[in-house]
Amino acid sequence: MREQNPEISKGVDWILVWLYFILVAIGIMSIFAATYRNESIIQGFISMKTDYGKQSLFFVISIVLGIFILLTDSKFFTATANLFYFFGLLLLLLVFPFHTEVKGTKSIIRFASFQLQPAELCKIFVNLALAKYLSRIDTDFSKLKSQLIAASIVLVPSVITIMQSETGLALVYFSFFLVMYREGLPSSVLIIGFSLAVLVIATLLLEPNTLAIILTVIAALAIYFMRRTIKRDREVLFFIVAIWFVCVGIQRFAVPFFFNNVLKPYQVQRIYATVGRDFPIDPATMTPEDIKKVEDKKKASSYNVKQSKIAIGSGGFLGKGLLKGTQTRYDFVPEQRTDFIFCTVGEGFGFVGSTILLLLYLFMIFRIIFIAERQRSTFSRCYAYGVASVLFFHILINIGMTVGLVPVIGIPLPFMSYGGTALITFTVLLFILIRLDADRQMVLR
Amino acid sequence: MPVFNQSRQTVIRLIILATFVILIVRLFILQILSPQYQIQAIDNAVDRKIIYPDRGIIFDRNGKAILENTLTHDLMILPTQLKGIDTIGLCGIMGIDTAEFKQRLVAAIIKNGRYRPSVFEASLSMDKFVKLQENIYRFEPGFYLQDRPIRSYPYKAAAHLLGYIGEVDSSILKRTNYFYQIGDYMGLSGIERFYEPVLMGTRGVRYQIKDNKNRIVGSFENGLYDTTAQAGRNLRTYIDMDIQVMAEKFMQNKLGAVVAIEPKTGGIIAMASGPTYDPNLLTGSQRRRNFSWLLTDTARPLFNRAIKGQYPPGSTIKPTQALIALDEGVITPRYGIGCNGAYYGCRRPIKCTEKWSGHAANLRLAIAHSCNSFFSNVYRLAVDNPAYKNVDEGYAHWKNYMNSFGFGVRLGVDLPSEDDGLIVDTSFYNKLYNNSWNSCTNVFLGIGQGEMQATPLQMANMMCIIANKGYYYTPHFVDSIDGKGAGDSILNPFHVRHEVTHIPDSIYEIVQLGMQDVIENGTGRVARIPGISIAGKTGTAENYGIINGKREKLEDHSWFVCFAPRENPKIAIAVIVENAGFGATWAGPIAALMMEKYLNDTLRTERLAEVERIAEKEIILPVVKQKRMRLDSIRRVRLALEMGDSSALHNAIPAAPDKPEIDPNIRKDKTIPVIKNSTLPLRDTPKPADKKNDSIKAVAILRKDEGTES
């Protein structure tokens, strides 16, 4: 094949392709393990009525798409990046008038028997558009204006997605800040963002007054240790006091305001559940409907995580073997072929299997970063970092959720979770990268 | 291309690496360091189902099954499958309205959840079952019929000996170290309880995998850990069901007990306690309700008077007293006294029924005529035996004799909760009489009154000792257990021969002949059977009770003990009918009919009318009927208040809800609620906690004004 058609295979990173095949194969096997019900296996694959049969079909479609992408000229992506971005935004907006509500999400458009989730697809377009913007000759990313534009490219679809009740997918867009960091976003932004996250978590964990005292003590210590600098420069003192004010303000007012007025009660509840605390139900501010909703969600999400932990935990060192996992085979874990697909691996193949899977993912991400760094063009590098960031974020959230480290946020595990849109999205994301990498000697704009 | 950002790829790599390390550490904690998840997974998905074996069957001496395992039919409901089912039609068949239907549905869901079947109606009546069987296809799969094995009793008899099975309670769970589980059935009384380890069989366990909705989806590890159930072993007993049914028929309108034993083996041929009940009452759906009805019945039909009823033995103890004196060597068979109708040896005279001199000229005559003087004297001779240094020691020896005969101790019959009767210790007299007493103080013991009580079983066992000329086997029901197994040692105590006296057979012969004279021309003439030599003894035991707070002397208990044939004893019987007067009046004929039936296999035709006469005869004190009426009227008033309908007050039938729900015909000719304690029949409020104390006190009161005795 290489002989006949050197155009396709030239420069293709086969390691990445093989990793892709291995992960999708593990995914189909896990879906099979979770949904197999003693039917004829061959018929199950051919008839397309079973989930593993359908996923195999999506796999075939993905490969076809991948070949198409490899046949495309790399310049096509730079040329159409902005166009695709606006097309993506249009699709996202079209959801509002044309959506079909499925399982509480409003993000799905349905034609005939085919469902499309634009929020999922949009990741590709945002990645392309961000790479395009960052690689422009007249973009000086050290300027605040450019940074704000880049941020808004990422955040606009995120906000639209939040409005469609898909918090998980919306959060994914934040992973693109990793790309911006690589391209020169001041590390203070990341540090401040990280500190804010710590502050918010501390707000959830600690009593308001305790936290205020701790913050005050920290501020006092900072003033004490920096007293010499302060003597020389009064502004430092004001700076420290200002930070203290902001922190207490966030802790005392911003977080409660955000929780009470912006987030849905069940979302707040999930966040609380993750840090191991009960959601404070306040009958004064909440309607009975909301309270009921919170309690239902509380039950459901704690049940999910509990069952998921039992499934993974019962796998032990080597696991119970394929199709031997009682928890995943008999529906104890909800959503086990989609968001909780990792449980099947955890139960069936134990610590060894789960670790190997994680190392495969890690290897893939590192390989992508390695690829990113060998690009001559900024566009390709940014795009590659975007792919790595999205994969990283998905894996972190998804597996973190199944092992009870992260709130239950419904996002798929890349290449493995059941679902056509997700598999096709990740395939396209990856194969555009492979295509760009094949042309790594070219400078794309 | 800004070169200065090159270093940031390392930062990004480190962040990613750190995250993956955290995830792997977390997996390590979950999968390697947390074994509880494996247990939880098994709890989640593995269903441990116990397979119950069939309980063993109990057969009588002729190989007839006294009880059987039969099937009842339960209507089961599966709440998830109710869609599209004609529930109105079902209500029509079941005879319930939709409100009742909903109530039962909700109860089922609360009990077992939507996905597991629950009992909609247990133990369907034949009528409903037949109708449902024809129509069940209309109601499937939301409803289905399920068979359930229960005990059934084809003879409707032997309730007291067989006992009943029931659900285990928490105390049993703890005591058996959770060998039983909640919902298990086990023998709770009678033979069912005593032979529980043998009867229950070996339970099997089946492990099955269930899904998240508790539906069974397959076997666990292909049945690697499963064990099979082994059926319980059958019991072969000495019981003769013909005799047993007959004995219960006699006792149906009376309080009292009948015990018949095969002397050579100690095997119990029949044991009846009046009033009794139909054992079928305590199976099936109405068990709980019937049980509480029987429990609150003032006649205490659940009380097995044959092993728990404690009565003064009266004259029936006299042959035993003779044996003690003979064994101690203080009298010989030729010993006799001149009696003119009373015993003057102690402060107050003890009257005697016979007045003509010479009726106590020797042992045989004294037994035949039941001479009070003779046996008062014999008792004193035994206790005042010069071989012992004082009356304390003499009495202690006498008590040892009584205990070795089985009085005042538990014999060890194969039924739970046997009572031991009463033979008091010397310390009792020392305390009561301030260490100042002599053989006159308790001389009434010689004639079976005073501080002495015996169970009917003990009296029957005593007859076995006399019949065997000096030994007995512990009375027991079970001859053998089918098959071999670990439980066989349970029968070992019943194969031990107890030698109790050292009296030559020739002297026993004289005691036996004296007892034969009782039947041939003494007080027991009523028990004569042509062609059979019978040895027996009547007894008429005085007793007192407290009626409306006043202590009153009640009608005497009627005793009769005997064995036959005298030369080669095959059956020994003890009969007591409470408050029935002379021993010969009721107890005697009952024993005679049972012996005739057992030894001849049939009754003479002219005796059949006698059977009916005795069975029909109701022997209940008037005061007992008053008490029963009072109870009934309280029930009626309560019912009237509940119903808000005064017509219930005028209804002559006792309040319906309090009647057990079985064949009403059985109930009608069965027991009459009487009083609680057979020793002191008419106490108003029995206090079981200090029953022993009570009876000692009562006996102490009794002995103060002891009268005469026949």
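Helix 6 and helix 19 of chain A are roughly parallel to each other, a term applied to angles under 35 degrees, whereas angles over 145 degrees count as roughly antiparallel, 65 to 115 as roughly perpendicular and the rest as oblique. The model is predicted, so that local features need pLDDT of at least 70 and side-chain atom pairs count only at pLDDT 80 or more, while totals for chains, interfaces and linings use all residues. Residues are numbered from 1 along each chain as its sequence is written, and chains are lettered from A and ligands numbered from 1 in the order in which they are written. Helices (H or I, at least four residues) and strands (E, at least two) are DSSP runs numbered from the N terminus.

Two packed helices are described by the angle between their axes and the distance between the axes. For helix 6 (residues 118-134) and helix 19 (residues 420-438) of chain A, the angle is about 15 degrees and the axes lie 8 Å apart. Axes are lines fitted to C-alpha atoms, for helices over the stretch in contact, and angles run from 0 to 180 degrees between N-to-C directions. The crossing of helix 6 of chain A with helix 19 of chain A is right-handed, that is, the near helix is turned clockwise from the far one by less than a right angle, anticlockwise being left-handed. From helix 6 of chain A, Glu120(A), Leu121(A), Lys123(A), Ile124(A) and Asn127(A) meet Thr421(A), Ala422(A), Thr425(A), Val428(A) and Leu429(A) of helix 19 of chain A; two residues are in contact if their C-beta atoms, placed from the backbone, lie within 7 Å. By class, this contact has 5 nonpolar, 3 polar and 2 charged residues. Ala, Val, Leu, Ile, Met, Phe, Trp, Tyr, Cys and Pro count as nonpolar, Asp, Glu, Lys and Arg as charged, and the others, Gly among them, as polar.

Elsewhere in chain A, Val255(A) is found in helix 13 (residues 234-262). Val255(A) has 17 other C-beta atoms within 10 Å and is therefore partly exposed; a residue with 20 or more is buried, one with 12 or fewer is exposed, and partly exposed lies in between. Thr203(A) is 52 residues from Val255(A) in sequence, yet their C-alpha atoms are 7.7 Å apart. Leaving aside neighbours within four places in sequence, Val255(A) is in contact with Val200(A), Thr203(A) and Ile250(A).

The contact between the chains takes 35 residues from chain A and 30 residues from chain B. On the side of chain A that touches chain B, the largest share, 10 residues, comes from helix 17 of chain A. The residues of this side divide into 18 nonpolar, 12 polar and 5 charged.

In chain B, the axes of helix 13 (residues 318-328) and helix 19 (residues 505-521) come within 11 Å and cross at roughly 160 degrees. Helix 13 of chain B is therefore roughly antiparallel to helix 19 of chain B, and their crossing is right-handed. Pro319(B), Ala322(B), Leu323(B) and Leu326(B) of helix 13 of chain B meet Ile507(B), Val511(B) and Met515(B) of helix 19 of chain B. This contact has 7 nonpolar, no polar and no charged residues.

Chain B also contains an open sheet of 5 strands in the order 12-11-22-21-20, with antiparallel pairing; two strands pair if DSSP finds at least two bridges between them. Strand 12 (267-274) and strand 20 (535-547) of chain B each have a single partner strand, so one side of each is left without a neighbour in the sheet. The twist averages 10 degrees from one strand to the next. Strand 20 of chain B is joined to strand 21 (residues 550-564) of chain B by 12 bridges, and Thr538(B) stands opposite Phe560(B) in strand 21 of chain B. Helix 18 (residues 456-468) of chain B packs on the sheet, touching strand 11 (256-262), strand 21 and strand 22 (571-577) of chain B. Helix 20 (residues 587-600) of chain B runs at about 150 degrees to strand 22 of chain B.

Most residues other than glycine have a negative phi, and most peptide bonds are trans. The bond from Ala564(B) to Pro565(B) is cis, with omega near -15 degrees, and Pro565(B) lies in the loop between strand 21 and strand 22 of chain B. Asp601(B) has a positive phi, near 70 degrees, and with 8 C-beta neighbours inside 10 Å counts as exposed.
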